[in-house]
Amino acid sequence: MSEETPGFEEKPEVPADGTPEEPEAAASADKAEGAAPAGDATDVALLAQLDQARKALEERTADLQRLQAEYQNYRRRVERDRVTVKEIAVASLLTDLLPVLDDVGRARDHGELVGGFKSVAESLETVVAKMGLQQFGKEGEPFDPTIHEALMHSYAPDVTETTCVAILQPGYRIGERTIRPARVAVAEPQPGAAPAKDDAKSSADEESGAPEEG
């Protein structure tokens, strides 16, 4: 009776042609075939995520452009309001100074603008001019109801249209805004004066050009 060596098991002999390794090769082939569909699914998922990211980027870009346009409109509106408020404040201040300027003008007309008072008056006029205040209204200019206020009315034979013949109080404007119209005395052409002259001239022409009777 033969003795068996403990701890060792008999292993089947492996044929020389490698037949037992064929199941392992077949399993590897099956794994390779199964990996291809899994890769395609991963690519499809990545493409879907990429499309979603692209759409999200386009939406955020559109939102940013809209916000930028709204901000630009807001800045323009704020700047326009700021300029308007400044013009209103300046106009209000200069309107309160108009009586002082009227006093300066009357003093100049009467020869009373002398000494220190003259220097102060000229400084005041320089300051208001820098703030945009402009004086208007001259004798002999046509009457314009948008910038003139007629306080006196008369007729004159030497005018051909309604004319400012005296400036009772000068007008003032800031840019295109009139803060006080010029208060003037106006004269209109004498009623019937021009037609009478035309009739007299026509009669004289007819008399001088009429043929003599033989």
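A salt bridge is a side-chain nitrogen of Lys or Arg within 4 Å of a carboxyl oxygen of Asp or Glu. A search of the whole structure finds 9 of them.

The model is predicted, so local features need pLDDT of at least 70, side-chain atom pairs count only at pLDDT 80 or more, and totals for chains, interfaces and linings use all residues. Residues are numbered from 1 along each chain as its sequence is written, and side-chain values use heavy atoms, with hydrogens and water left out.

**Exercise 1.** Are Asp-102 and Arg-180 buried or exposed? Describe their contact.

*Solution.* 
- Step 1: The two side chains meet in a salt bridge, 2.8 Å from N to O.
- Step 2: This pair links distant parts of the chain. Asp-102 sits in helix α1 and Arg-180 in strand β5, 78 residues apart.
- Step 3: Asp-102 counts as buried because its relative accessibility is 8%. Arg-180 counts as buried too, at 8%.

**Exercise 2.** Which strands does β4 join?

*Solution.* 
- Step 1: Strand β4 (residues 171-174) is joined to strand β1 (residues 133-136) by 4 bridges, and the two run antiparallel. Strands pair if DSSP finds at least two bridges between them.
- Step 2: Within this pairing, Gln-135 has Tyr-172 of β4 as its bridge partner.
- Step 3: Another 3 bridges join β4 to strand β5 (residues 177-180), again antiparallel. Here Ile-174 stands opposite Arg-177 in β5.
- Step 4: Look at the turn. The hairpin of β4 and β5 has 2 residues between the strands, and Gly-175 takes a positive phi near 65 degrees.

**Exercise 3.** How is Val-78 placed in helix α1 (residues 22-109), and how accessible is Val-78?

*Solution.* 
- Step 1: Val-78 lies in that helix.
- Step 2: Val-78 is partly exposed, because its relative accessible area is 38%.

Technical notes: Buried < 20%, exposed > 50% of the residue type's maximum accessible area, 1.4 Å probe, protein only.
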